[in-house]
Amino acid sequence: LQLTIRNAVQPLQILSVGATFTTYQFQANGSFNSSDALLNAIWTQSQYTVQVTTQDAFIDCPWREKGQWMDMSAPMASYYAFGDRAIAARDLRLISQSQNSAGRLFFPYPSAFTFELPDQITWWGMHLWQYYLHFGDITLLQQLYPVLSQVNCWFQQNLSPRGLLNASWPDAPTGQLWTWIDWGHRPSQN
């Protein structure tokens, strides 16, 4: 913590400095214990990571952008560590609200800026299915099925002759697809 005071006209007395820990109020319903201390430590750290990256939704980088991206692991990890159905349903509903008339979803949402990440759109569909399998909530599945159906139509309309997603499409915000599966090798943009 760094505290900088400039242009103080008179002496300043600081009575206290602190931080407030904010997170979604999970109840630790899941547990893991084995004879391997390393695996036990991994579980504990993973559970804590999900907790600190969840506020009113699953977020990325609680210390930086605090955006609701679609993550591969956080929703699933939360199911096993906490089993909290409410935050999982809220996450799915909130992201579904980013859908445009073409059927695409945008990330992070809500946000002043968005990116088009088709792989994260597919993760949203995967998490909708995993949510249903984990909680058996047919009502949410029925509510969000039209969103999933529209996403599927958009993907079907943007397949190459080889059955792969096209690298660009006319109405894309940047004209190019940002395929983000991992921060691995990206071909040159030249």
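Trainee: Is Asn7 buried or exposed in this predicted model?
Mentor: Asn7 sits in the segment before α1 (37-52). The cut-off for exposed is over 50% relative accessible area. Asn7 has 76% relative accessibility, so the residue counts as exposed.

Trainee: How many residues of helix α2 are buried?
Mentor: Helix α2 spans residues 74-81 and is mostly covered. Buried requires under 20% relative accessible area. Ala74, Pro75, Met76, Ser78, Tyr79 and Ala81 are buried. Of the eight residues in α2, the number buried is six.

Trainee: What covers the buried residues of α2?
Mentor: Among the buried residues of α2 are Met76 and Tyr79. The cover over the buried residues includes helices α1, α3 and α4.

Trainee: Which residue with positive phi follows α2?
Mentor: Phi there is near 65°. The residue that follows α2 with this value is Gly83.

Trainee: What is omega for the cis peptide bond that joins Phe107 and Pro108?
Mentor: Pro108 is found in the loop between α3 (85-96) and α4 (118-135). The bond from Phe107 to Pro108 is cis, with omega about -15°.

Trainee: Which residues does the cis peptide bond with omega about -5° join?
Mentor: Its proline, Pro110, also lies in the loop between α3 and α4. The bond with omega about -5° joins Tyr109 and Pro110.

Methods: Residues are numbered from 1 along each chain as its sequence is written. This is a predicted model: local features need pLDDT of at least 70, side-chain atom pairs count only at pLDDT 80 or more; totals for chains, interfaces and linings use all residues. Side-chain values use heavy atoms; hydrogens and water are left out. Helices (H or I, at least four residues) and strands (E, at least two) are DSSP runs, numbered from the N terminus. Buried means under 20% relative accessible area, exposed over 50%, partly exposed in between (1.4 Å probe, protein chains only). Contact means heavy atoms within 4.5 Å.
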